[in-house]
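This report goes through the strands and the nonpolar cores of one protein structure. The sequence and the model are shown first.

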Amino acid sequence: AVVSTQSTGGHVNAINCVTFDLCGELLASCDAYGVVKIWDVRRGGVEAGHWDYEPHPVNSVSFDASGACLAVSSNDGTVKMLEVEKGVATELSGHDDGVQAALFSRDGDMLISASSDSTVKVWS
């Protein structure tokens with residue numbers, strides 16, 4: 001049952017994925033035009049970060065266990081490791097087609113990505 005609802009707005013295009021950090025304090029969302037946003041749930045959903053990777057759609061976002069890093073999977077065949085506080089991204093390449101999903105292991109030591117090229121990659 002839904003107790004209450006809150007709308008953040010802010011995306012112009014279809015939202016592809018949304019996720020909380022483990023503490024439930026930050027929310028990340030991504031859309032079909034390559035926009036990634038982070039929202040501060042503690043402050044009523046105020047936008048806390050904005051990155052634009054257009055024109056490539058971003059398919060998924062996933063926080064690591066600490067909430068300091070956000071994995072961003074993109075149709076350009078890469079996973080971007082975004083340092084949330086600094087706003088700096090490191091790009092992981094190796095897939096031959098769009099990356100549909102990326103997820104951290106519970107301990108944060110590994111990242112797994114799945115691509116339209118029919119491969120799964122484990123990054124450590």
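Over how many bridges do strand β9 and strand β10 pair, and in which sense?

The model is a predicted one. Strand β9, residues 99-104, pairs with strand β10, residues 111-115, in the antiparallel sense over five bridges. Ala102 has Ser113 in β10 as its bridge partner.

Six residues lie between the two strands of this hairpin, and Gly108 takes a positive phi near 80° there.

## The four-stranded sheet

An open sheet is formed by four strands in the order β5-β6-β7-β8, with antiparallel pairing. Because β5 and β8 (88-93) stand at the edges and each has a single partner strand, one side of each is left without a neighbour in the sheet. On average, neighbouring strands of this sheet are turned by 20° against each other, direction ignored.

Within the sheet, β6 and strand β7 (residues 78-83) run antiparallel and are joined by five bridges. Val72 has Lys80 in β7 as its bridge partner.

## The nonpolar cores

The largest nonpolar core has 15 residues, of which Val36, Ile38, Val61 and Leu70 touch the most other members. Two or more residues each come from β2 (26-31), β3 (35-40), β5 (58-63) and β6 (69-74). A second, separate core has nine residues, among them Cys69, Met81, Val99 and Ala102.

Which residues does Ile38 contact, leaving aside its neighbours within four places in sequence? They are Leu26, Leu27, Ala28, Val46, Glu47, Ala48, Gly49, Trp51, Phe63, Leu70 and Val84.

Methods. Residues numbered from 1 in each chain as written. Predicted model: local features only at pLDDT ≥ 70, side-chain atom pairs only at ≥ 80, totals over all residues. Heavy atoms only, no water. Core = buried A, V, L, I, M, F, W, Y, C linked by side-chain atoms within 4.5 Å. Buried < 20%, exposed > 50% of the residue type's maximum accessible area, 1.4 Å probe, protein only. Contact = heavy atoms within 4.5 Å. Pairing = 2+ DSSP bridges. Axes fitted to C-alpha atoms, helices over the stretch in contact; angles between N-to-C directions.
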